[in-house]
Amino acid sequence: MQPRQNYLGAGGWVWAGKYKLERYLYLLHRITGLGLLLFGVIHLIITTFYRYRGESVWESAMSTLSNPAFRVGEYLVAAAFVFHALNGLRLIWQEFGFGLGRPAPPIYPYKDALRKKRRWAIAMIAVVAVLALVLLGDFIAGGP
Amino acid sequence: MRATRFHLLHMITGVLIAVLLGIHMVRLHLDSILDWFGVDTTGSTSWESMIARASEGIWAALYIALLAVALYHALYGLRGIILELTPSAKGGRIITWSFIIIGIGAFGWGTYVPLHLLSS
């Protein structure tokens, strides 16, 4: 049996091989998704068990979470959410066939997926970068 | 066909999370930006502020809805990643049912606390 071309296996989770920008967006989508899931579990524990145990336990937990290390982590979670949400919306947009262009006959020089310009992906990255900077400004300004 | 419906639900819950979590993030974490618009969110993680929100039905409903869609989206996504490791059919069923049980348990506990606070 011939090996499948471009088949990266589990190694493709961290290395995109011959693929281009979207593959790295996919990797980042997966990493941010797992990070958000981990944060969600911790968040659910704190906002249920700690809240249920009363005011002093809650305030003690909030005091611990306000130290700089947790604040940096909080910022990373916010930035991960912005990326994951916007990239997810891009994926849904494309899954329904929008923004892919009309089908065209393969006439040389070919316009294939490896050489095309990625306006939507680049626009999304720009929006993510701007929102991440806005969030950073807010966190530096001293949000809770 | 059933898998297609679950995948469609994964996309729908993703959009709902973007909206509901967006509201939660702005309300609780973007205080200096909200200050520009004259909305005072000082001490939004304090006990009093948290209890005040918990006693409002609209916030309790928002959080319960967010919990439901986030659990489905997260567990379905994680299941997809694990199934990429191509377990046997039986292994796949065990993973699926484990996630269903974990999801229902987490939703039950995560819903009980806000409803308990709402009624107290």
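A residue is buried if 20 or more other C-beta atoms lie within 10 Å of its own, exposed if 12 or fewer, and partly exposed in between. The legends below refer to a predicted model.

Figure 1. Because 14 C-beta neighbours lie inside 10 Å, B:Val19 counts as partly exposed. The residue is shown together with B:Thr86, which is 67 residues away along the chain. The C-alpha atoms of B:Val19 and B:Thr86 are separated by 33 Å.

Figure 2. Helix α4 of chain B comprises 27 residues, 57-83. The expected span is 1.5 Å times one less than the number of residues. Helix α4 of chain B should therefore span 39 Å, and the 39 Å between its end C-alpha atoms agrees with that value. Buried positions in α4(B) include B:Leu67, B:Val69, B:Ala70 and B:Leu71. B:Tyr72, B:His73, B:Ala74 and B:Gly77 of α4(B) are buried as well.

**Figure 3. Helical make-up of chain B.** Chain B contains five helices and zero strands. Read from the N terminus, its elements follow the order α-α-α-α-α. Of the 120 residues in chain B, 14% are buried. When contacts in chain B between residues at least 6 apart in sequence are considered, 69% join residues at least 24 apart.

**Figure 4. Packing of helices α1 and α2 of chain A.** Two packed helices are described by the angle between their axes and the distance between the axes. The axes of helix α1 (residues 21-52) of chain A and helix α2 (residues 55-65) of chain A come within 7 Å and cross at roughly 140°. On the α1(A) side, the contact is formed by A:Ile46, A:Tyr50 and A:Arg51. These residues meet A:Val57, A:Trp58 and A:Ala61 in α2(A). By class, the residues of this contact of α1(A) with α2(A) divide into five nonpolar, no polar and one charged.

**Figure 5. Contact between the two domains of chain A.** Chain A is divided into domain 1 (34-65) and domain 2 (67-99 + 109-144). Where they touch, five residues of domain 1 of chain A are in contact with six residues of domain 2 of chain A. On the side of domain 1 of chain A that touches domain 2 of chain A, α1 and α2 of chain A each supply at least two residues. The most is given by α1(A), with three residues. The residues of this side of domain 1 of chain A divide into three nonpolar, two polar and no charged.

Figure 6. A:Arg71 is placed in helix α3 (residues 68-95) of chain A. With 16 other C-beta atoms within 10 Å, A:Arg71 is partly exposed. The view also includes A:Val41, 30 residues from A:Arg71 along the chain. Between the C-alpha atoms of A:Arg71 and A:Val41 the separation is 18 Å.

**Figure 7. Helical make-up of chain A.** Four helices and zero strands are present in chain A. The order of elements from the N terminus on is α-α-α-α. Buried residues account for 13% of the 144 residues in chain A. Of the contacts in chain A between residues at least 6 apart in sequence, 68% join residues at least 24 apart.

Conventions. Residues are numbered from 1 along each chain as its sequence is written. Chains are lettered from A and ligands numbered from 1 in the order in which they are written. This is a predicted model: local features need pLDDT of at least 70, side-chain atom pairs count only at pLDDT 80 or more; totals for chains, interfaces and linings use all residues. Axes are lines fitted to C-alpha atoms, for helices over the stretch in contact, and angles run from 0 to 180 degrees between N-to-C directions. Two residues are in contact if their C-beta atoms, placed from the backbone, lie within 7 Å. Ala, Val, Leu, Ile, Met, Phe, Trp, Tyr, Cys and Pro count as nonpolar, Asp, Glu, Lys and Arg as charged, and the others, Gly among them, as polar. Domain bounds come from an automatic or database domain assignment.
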